[in-house]
Amino acid sequence: MKLKFGIKEVVAIGVGTALFVALTEIQIPTGIPNTYLQPRMAVMAFLAAVFGPIVGAVVGFLGHALGDAMFYGSVWWSWVFPDGLVGLIIGLFAAKYAIKEGGFGKKAIILFNVAQIVANAIAWIALAPILDIVIYAEPTDKLLVQGAGAFLGNILIVGILGTLLCAGYSKIGAKSSSLSKED
Amino acid sequence: MEPMIEFKDFSFKYRAQKEPTLRDINLKIMPGEKVLIVGPSGSGKSTLAHCVNGLVPFSYSGDITGTLRIGGKNPADLGLFGLSKIVGTVLQDTDGQFIGLTVAEDIAFALENDNVPQEDMFVKVDEIAELVDVKKLLENAPRELSGGQKQRVSMAGVMVDDVDILLFDEPLANLDPATGKRAIDLIDQIQKKKKTTILIIEHRLEDALYRDVDRIIVVGEGRIVADTTPDQLLVTDVLKEQGIREPLYITAIKHAGCQIHAEDKPMHMETMKMDRYRDKVRDWFDRTEGKAARPEAPSALKVEDLYFSYVEGRPILQHIHFDIKKGEMVSIVGKNGAGKSTLSNLICGFYKPTRGTIFLNGKDVAPLSIKERGEKIGLVMQSPNQMISKPMIFDEVALGLTVRGVPEEEIKERVYRTLKICGLYPFRNWPVSALSFGQKKRVSIASILVMDPEVMILDEPTAGQDYRHYTEIMEFLKEINETLGITIIMITHDMHLMLEYTDRAIVIADGHLIADDTPAKVLTNETIADKAYLKKTSLYDLALGCGIDNPSEFAERFIAYEREKKKETALAEEKTDG
Amino acid sequence: MAKILSYEEKDTWIHRLSGVTKLIFFLLWCLTSMLTYDTRILVTMVVLALIIFKISRTEWKQVGAVFKLVLVFLVFNVFAIYIFSPDQGTAVYGTRTVLFHIAGRYDVTKELLFYELNVVIKYFTVIPAVFMFLVTTNPSEFAASLNKIGVSYNIGYAISIALRYIPDVQGEFTKIKHAQEARGIEMSGKASLISRIKNTSTIIFPLIFSSMDRIDVVSNAMELRGYGKHKKRTWYMGKKLQRNDYLAIAFTVAFSVVALAITFADGSRFYNPFV
């Protein structure tokens with residue numbers, strides 16, 4: 001586990017949160033009413049995978065709270081905590097993905113996606129609806145449908161965009177000694 | 001006296017690299033000295049600076065041999081924090097260095113980290129802010145400041161620590177010429193007032209020499225190739241050999257066939273003794289030809305009575321009008337924030353003008369969408385990192401065609417053709433990450449070129465590039481311009497670029513068009529240069545100093561002569577290659 | 001770029017309060033509003049929140065755009081609750097007083113309307129508090145004060161950096177988006193989901209990579225200026241808690257305790273007018 005917490009992690013949280021907040025308004029419509037894919041989730045997953053669980057959790061939590069407040073004037077705490085949890089869980093295996101070392105291969109991709117699916121399942125199918133029931137006493141059916149929507153949307157965007165980001169960034173760190181010019 | 005900085009048989013190799021970046025460095029810098037360090041990209045000059053401020057080896061690890069003493073102490077014993085009390089570094093990226101939410105907080109940053117009580121901080125911050133002239137800005141956020149102001153805040157931020165050494169990493173890279181001049185002047189004042197040891201790393205030698213320096217150290221391929229006074233250095237050919245641009249007046253005097261003598265004090269044009277050179281330079285002027293006039297061509301991009309404002313009553317651009325002809329290479333210049341980027345945003349259709357019309361080939365572009373305009377007017381951003389979004393070179397260049405649904409066969413053919421033009425064909429199957437910065441820049445140009453645009457707009461195409469890369473990129477653009485007939489517009493504040501490579505300069509100051517003329521005329525006109533935060537070229541002073549009463553024609557002929565010479569060398573190189 | 005809420009300097013006693021006081025108020029206020037469904041308490045909170053909002057001299061143009069956006073969410077949520085659970089009111093209050101019938105299982109009941117009214121009021125207790133917190137809290141002072149009440153200075157500084165770079169990242173995002181649009185990448189339109197994700201990635205990629213560079217530059221710059229040298233640090237913008245801060249905190253705590261005590265006095269968080 002990567003539990004190092006130095007200057008780089010502090011800055012990663014700061015700049016990462018800024019990214020997350022700035023990307024709040026980028027929502028890709030899915031065709032299902034009021035359900036959007038959130039690229040910011042993929043960015044958070046990427047940061048968690050590079051910098052570890054603390055950065056992941058704080059960026060998810062702080063980014064969601066600040067983003068909600070600044071763009072929508074309201075904070076839905078029942079969705080803020082799950083977001084932090086997703087970052088935390090994905091970040092737990094940061095050392096195994098070895099993204100900066102150029103090690104994000106097939107095995108790491110599978111691990112990353114298993115982690116993100118499990119994390120999103122716990123967050124959106126379990127935690128978020130439970131918090132919503134406790135906090136807002138809204139109808140269970142509605143919350144489960146909302147939760148399922150968020151779960152699907154997030155595994156999709158993290159699975160595609162998140163994986164691409166990790167793989168792309170990993171390639172930058174990789175050695176390129178095997179390249180040769182072609183005529 | 002004990003030296004402030006002393007390298008002895010010093011070598012350094014980064015962990016990830018096979019070869020050492022610095023070899024056998026022997027260098028002594030005395031307290032209160034002001035030293036300029038020059039060298040091309042990759043020469044090791046930044047690594048040398050990192051050794052002084054401690055980023056090497058504390059942040060970038062590697063193997064060190066030999067010894068280094070800073071203020072008489074071993075950096076290894078001081079640690080990064082100990083060093084930060086002795087050495088203050090002003091980074092090139094003033095946005096990255098500006099950490100605080102406001103000017104005052106950023107200046108106080110080092111004090112905060114040192115647990116200085118709040119009341120003491122207030123006093124100290126005020127005092128330093130006064131020194132670098134940002135007192136009125138203390139409560140401002142970074143986005144409200146100009147590049148020059150941010151840089152002064154960065155200086156203040158390291159000076160609060162009462163450091164003995166101030167290290168400037170390419171202080172001129174992001175500034176317009178007039179602001180750069182002011183920065184060099186401020187550094188000079190600080191050194192005189194505080195007797196600080198100053199190290200300036202810069203490849204814009206002529207601009208850095210605006211104020212006296214004691215010594216210039218030339219770094220090449222990891223070694224010190226010269227360590228001497230400016231006057232001595234300018235006499236030799238070391239700069240040329242290392243790919244560093246000499247001051248223009250020096251090059252001009254050399255073209256005239258003169259041997260420069262150190263005792264004439266060639267460091268500054270204004271104070272150089274000219275007796276020995278005057279006649280020869282005048283002769284050279286008389287026998288050299290200027291540039292042939294360009295034949296009249298049809299209009300490519302015409303702007304008529306253009307106005308733009310975000311908020312009513314606060315115009316960003318007013319009454320802008322110009323007509324750029326097909327095949328021209330034009331520069332749009334002016335100080336930071338004068339409205340240059342707004343102009344390119346209007347041309348590309350990102351913003352809608354408040355009033356006025358933009359014509360492409362005589363047709364109003366207003367009905368065209370951003371995408372449709374993008375097919376005819378290509379925009380290349382300042383940093384290739386802001387454009388490149390595909391890991392593989394081929395895919396990156398193909399992107400614009402792919403999203404337009406061009407058939408695959410055609411994409412392949414067009415991408416290959418473009419890659420050949422850009423000299424990237426041998427790398428077509430490489431990941432972008434394996435390329436150098438200059439090659440990446442070419443990829444971003446190729447990705448626009450592939451769409452066969454008629455006009456290409458480039459934002460600061462050579463920012464942060466050393467002379468060799470600058471020449472490489474600009475020669476490449478010139479070639480595209482000549483062989484493909486693409487009209488090229490460059491937004492820049494690089495005076496060399498406008499002078500050497502463009503036929504025309506459109507000058508914008510405070511939202512108004514104040515000149516539309518040849519660069520040589522613009523850069524020899526004091527009023528315009530002042531208003532646009534440009535600097536008169538030293539060729540102007542040289543011409544006057546030699547009794548030539550048409551300085552802009554002198555500049556014109558100098559540039560034409562340089563071009564001729566460049567072509568000859570290029571031809572000669574081709575012959576030896578073949 | 002969408003309009004976002006941000007600090008504006010004004011001179012009212014609310015502006016002069018420490019950021020920490022306002023954070024404590026904001027968090028307790030949210031907590032109370034979340035837990036209680038007691039209509040009397042909620043109405044009291046709305047009235048109080050509006051008074052505070054007024055005192056803070058916040059103007060409509062500072063918050064109007066965002067407010068309209070919240071209303072959209074609110075309306076959507078109210079309908080969603082009805083669609084999914086037309087009898088949520090009955091489930092909560094136990095009785096069922098039909099006002100009129102629409103179709104199928106969809107009746108409109110008094111209980112439902114009352115429940116939905118409570119949901120709406122809940123929103124309105126929080127919205128002014130968020131607005132007030134964001135537009136009256138000086139971000140610099142806030143980060144400093146956080147550390148003063150015991151939050152690790154690393155977290156305080158991370159928040160400060162986030163607030164510092166949000167405008168920069170937004171600006172860079174716009175630039176990159178423009179350049180990619182000119183290359184022909186369209187963000188909206190009728191493209192398939194996969195190609196929409198791909199198009200978005202052409203903006204996100206450059207943005208991420210430049211942000212990673214930024215992280216390196218900023219952490220180098222901070223290290224060179226001695227960040228993290230000591231276990232503690234001082235703050236240029238730090239503010240000691242004043243008498244008004246203590247009063248405000250005391251009031252907030254007292255209010256929350258009383259509000260929750262009243263709410264849960266009868267064993268249910270709902271105020272039930274139907275029995």
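Residues are numbered from 1 along each chain as its sequence is written, and chains are lettered from A and ligands numbered from 1 in the order in which they are written. In this predicted model, local features need pLDDT of at least 70 and side-chain atom pairs count only at pLDDT 80 or more, while totals for chains, interfaces and linings use all residues.

**Chain contacts**

Two residues are taken to be in contact if their C-beta atoms, placed from the backbone, lie within 7 Å. Between chain B and chain C, the contact takes 49 residues from chain B and 43 residues from chain C. Among the elements of chain B that each supply at least two residues to this side are helix H3 (75-84), helix H5 (103-113) and helix H16 (393-402). The largest share comes from H5(B), with 7 residues. Helices (H or I, at least four residues) and strands (E, at least two) are DSSP runs, numbered from the N terminus.

Chain C also touches chain A, with 53 residues of chain C in contact with 46 residues of chain A. Helix H2 (19-35) and helix H8 (153-182) of chain C are among the elements giving two or more residues to that side. H9(C) gives the most, 15 residues.

Ala, Val, Leu, Ile, Met, Phe, Trp, Tyr, Cys and Pro count as nonpolar, Asp, Glu, Lys and Arg as charged, and the others, Gly among them, as polar.

| Side | Classes |
|---|---|
| Chain B, touching chain C | 23 nonpolar, 17 polar, 9 charged residues |
| Chain C, touching chain A | 41 nonpolar, 9 polar, 3 charged residues |
| Domain 1 of chain B, touching domain 2 of chain B | 3 nonpolar, 1 polar, 2 charged residues |

**The sheet of chain B**

In chain B, 6 strands form an open sheet of mixed pairing, in the order S5-S6-S7-S3-S8-S9. Two strands pair if DSSP finds at least two bridges between them. Strand S5 (87-90) and strand S9 (223-228) of chain B are at the edges with a single partner strand each, so one side of each has no neighbour in the sheet. Within the sheet, strand S3 (residues 34-38) and strand S8 (residues 215-220) of chain B pair in the parallel sense over 4 bridges. B:Leu36 stands opposite B:Ile216 in S8(B).

**Domains of chain B**

The domain assignment, whose bounds come from an automatic or database source, gives domain 1 (247-287 + 545-578) and domain 2 (299-536) of chain B. Taken over C-alpha atoms, the centres of domain 1 and domain 2 of chain B are separated by 31 Å. In chain B, 6 residues of domain 1 are in contact with 7 residues of domain 2.
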